[in-house]
Amino acid sequence: MKILKWLSVADRFYKIYLDKQLAPFGINSSQYMFLIKICDSPGVLQDSLINMFYVHPSNIVRTIAALEKQGMITRSPNDQDKRTWQLYPTERALSISEKIRTICENTEALLLQGLSEAEKSLFIDLLMKAGKNITTELHIERKEAEFND
């Protein structure tokens, strides 16, 4: 059970670390990936975030509402389907997105500290394979390209 223990430890403490780093920008470790995706893909459909991030739709709704309340994003109805929303970054979000990316890159570097480039690559490949294994077992289907993000 070492794998489960250390996955839990790494998950819990990287989130604590990331929360501290992101606090000056008014976001947290559960919001940054949504904000970055919206900055990268203005007009992205809210529903498409479900397949990108493997989170429950209610978590997406809560996170999007929080980002909107914080003035980071705006929502507008999709012209093709009024039941869905398109998400756009605000100037505020765009102005901090590179700083957030840097914080995330530094956090990843911290997690991989002491590993060779070959070990880093192998670790990432194995972690993705483990993620695929558990999602397959739970019958959670995603496009192959989505596993590469």
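Trainee: Is I3 buried or exposed?

Mentor: A residue is called buried under 20% relative accessible area, exposed over 50%, and partly exposed in between (1.4 Å probe, protein chains only). I3 has a relative accessible area of 66%, so by these cut-offs I3 is exposed. Please note that this is a predicted model, in which local features need pLDDT of at least 70, side-chain atom pairs count only at pLDDT 80 or more, and totals for chains, interfaces and linings use all residues. Residues are numbered from 1 along each chain as its sequence is written, and side-chain values use heavy atoms, with hydrogens and water left out.

Trainee: In which helix is the place of I3?

Mentor: Helices (H or I, at least four residues) and strands (E, at least two) are DSSP runs, numbered from the N terminus. I3 lies in helix α1. The protein has six helices and three strands, in the order α-α-β-α-α-β-β-α-α along the sequence.

Trainee: Which residues make the nonpolar surface patch?

Mentor: Like charges are joined within 9 Å, and nonpolar side chains (Val, Leu, Ile, Met, Phe, Trp, Tyr) within 5 Å. Here M1, I3, L4, L7, L115, F123, I124 and L127 form a nonpolar patch of about 860 Å². At least two of its residues come from each of α1 (2-22) and α6 (117-137).

Trainee: Is Q86 buried or exposed?

Mentor: Q86, in strand β3 (residues 85-89), is buried, with a relative accessible area of 18%. A polar atom of its side chain lies 3.2 Å from the backbone oxygen of G43. Contact means heavy atoms within 4.5 Å. Beyond its neighbours within four places in sequence, Q86 is in contact with residues including V44, L45 and T74.

Trainee: Which residues touch the most other members of the largest nonpolar core?

Mentor: A nonpolar core is a set of buried Ala, Val, Leu, Ile, Met, Phe, Trp, Tyr and Cys residues joined through side-chain atoms within 4.5 Å. In the largest such core, which has 24 residues, they are I27, L35, L49, M72, I73 and I100. Two or more core residues come from each of α1, α2 (32-40), α3 (48-53), α4 (57-69) and α5 (91-111). The largest share, six residues, belongs to α2.

Conventions: Patch = residues over 30% accessible without salt bridge, like charges linked within 9 Å, V, L, I, M, F, W, Y side chains within 5 Å. Areas by Shrake-Rupley, 256 points an atom, 1.4 Å probe, with all protein chains shown as cover. Salt bridge = Lys/Arg side-chain N within 4 Å of Asp/Glu carboxyl O. Polar contact = N/O pair within 3.5 Å; in protein donor to acceptor, adjacent residues only side chain to side chain.
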